[in-house]
Amino acid sequence: MFTFRWLCVSLFLSWTVMSASAQDLPPVQPGTIDTVATQRLLATVEAFQSGPAARFGTVALSVRRARDGQELIGYNARLSLPSASTLKLITTGTALVVLGSTYTYTTTLEYDGTIKDSVLTGNLYIRGSGDPSLGSWRYTGYPDLATVQTIWSDAVRKAGIRQVQGSVVGDASLYGDLTTPDTWPYGDLGNYYGASLSALNINENLYRVFFKPGRTIGAAAGVLRTDPALPYMTFMNSVTTDAAGTGDQVNIYGAPFATQQWLTGQVPLSTSARNSEFSVKGALPDPAYFAAFALRDQLQRDGVAVSGPVASIGGGLPATVPVVGAKRTVLHQQKSPALLELAQQTNFQSINLYAEALLRTTAVSLDKTVRSTDASIKVITEFWGKKGVNLDGFRIKDGSGLSTVGGLTADNMTGILSAMSRESVFPQFYGTIPVVGETGTVRSLARGTAAAGNIRAKSGSIEGVRAYAGYFTAADGELMTFAVLVNKYTTGQNRAVTAQLEKIMAGLVGLTGK
């Protein structure tokens, strides 16, 4: 009786998998797809797809053996879907292969003109090379915003300059185009996670707005200040007060180079008279301008007078600063942390700015003629195509996955991750990926299951999209790569989606790959 029941269940599961995705399952090695663990996993995926959380959307899963790229499971794996931040794995992996793990950026403080009697007749320039980490607080042994300003001011004074008859210029001219991908949602651009890339980034292009919540729910919440100070910016504020503990519900609407920003939404009611402020992260609209503004401010505090205006160049802006001389003299060079550290922060903290910077830098290294995000994407696509990866359906629009209209297939993702495992930098790349249940954005995922500690995965989340991709060790010790993409899941079903994804991850580690 037991044998007969098991045969019926096995036949049912096989029929379910074939009817749902037979057209999407590639040829597999005999004995692989018929394992109990595989059928159980596919039954879990099918139940997810047909259940209330995803029945109106799409669930896709691809699983490959890393060493030879053999795809063992493909469920809707050739449908092009938004990747969200799992795309950062491709961006960081490509950067490590092309640039090397020890690559560093250099930001240079320079001047043109002449110095006579402690007077610089000329301009000071902060020339960027695309470093996304300049002035960041994340790295031990590297200067944060306040420290880098002091370093630059000291370098100016050590050169004997006590007066600048000219401008302080943020030089972002390495990128002449408007670097913000045109498919990013407008509602994201003023917020920290939507910070636009510049050739001269600083403080991760971040500022904070501090609010004073009202005394009652529904009362207006006033703007107290920004940190750092941005006196050249103005805010239209309609933020109100919500119940205590509701968290950040503020949205900042802005655009690159726009000094007028709109603040909407709610901040929570304060529960403590001593801690009655609430801060929200915003995106600097012109990081190069702010870098120059901050340096001039520091110089003036240190007794160095600057007669000319602050200016920024590059990023599509017209050059408005009179050039005193063609030759520039270097005062200081600031090196970034090594690329390996930048890649780890990109993947662990899911920093969109870092991913966009690495995309552009990698593409320029491969093709010096690249001058735009679109051209960069084309170069990266060609790079993986030449390595034999199937890129049908690969239509990404940025390097971070913030674009809601970009897409790739689960098959694309596992194909590239499998190819990455055969690159010499793979051990370093593997270490940049968070561990499920332990680190990064997946530290709270699948705790208490077999997946915790055994899967390295990058998470991805934008409106209506949840995704995970990375590597795991199969039950027989085989290194595997996977991608699971969930698109247009049911509104209000976040917890149910998470629970189903955790079941899928627990099922992954029960597979065999040999």
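Keep in mind as you read that the model is predicted.

Let's start with the packing. In soluble globular proteins, nonpolar side chains tend to be buried together. Here the largest nonpolar core has 91 residues, and the members that touch the most others are Phe 211, Trp 384 and Phe 429. If you want to know which element gives the most to this core, look at α5, with eight residues.

Now zoom in on Phe 429. Setting aside residues within four places in sequence, Phe 429 is in contact with Leu 89, Thr 92, Gly 93, Leu 96, Asn 347, Leu 417, Met 420 and Tyr 471.

Thr 108 sits in strand β3, which covers residues 106-111. Is Thr 108 buried or exposed? Its relative accessible area is 3%, and because buried means under 20%, Thr 108 counts as buried. Beyond the residues up to four places away in sequence, Thr 108 touches Tyr 125, Ile 126 and Arg 127, as well as Val 330, His 332 and Gln 333.

Next come the gaps. Rolling a probe the size of a water molecule over the atoms shows where empty space is left. The largest pocket holds about 400 Å³ of space. Its lining is made of 23 residues, and nearest the centre of the pocket are Ser 85, Ser 350, Gly 460, Ser 461 and Ile 462. Two or more lining residues come from each of the strands β19 (455-462) and β20 (465-473). Of the elements, β19 gives the most to this lining, with five residues. What kinds of residue line the largest pocket? Eleven are polar, seven are nonpolar and five are charged.

Finally, turn to the cavities. The count is six cavities of 30 Å³ or more, and the largest cavity has a volume of about 140 Å³. This cavity is lined by 21 residues, with Thr 179, Leu 197, Ser 198, Phe 257 and Gly 315 closest to its centre. β17 gives the most, with three residues. By kind, the lining of the largest cavity has twelve nonpolar residues, seven polar and two charged.

Technical notes
Residues numbered from 1 in each chain as written. Predicted model: local features only at pLDDT ≥ 70, side-chain atom pairs only at ≥ 80, totals over all residues. Heavy atoms only, no water. 1 Å grid on protein atoms, 1.4 Å probe; cavity = no way out; pocket = protein on both sides within 12 Å on 5 of 7 lines; lining within 4 Å. Points joined across faces, edges and corners; volume = space filled by probe spheres on them. Helix = DSSP H or I, 4+ residues; strand = E, 2+ residues; numbered from the N terminus. Nonpolar A, V, L, I, M, F, W, Y, C, P; charged D, E, K, R; others polar. Buried < 20%, exposed > 50% of the residue type's maximum accessible area, 1.4 Å probe, protein only. Contact = heavy atoms within 4.5 Å. Core = buried A, V, L, I, M, F, W, Y, C linked by side-chain atoms within 4.5 Å.
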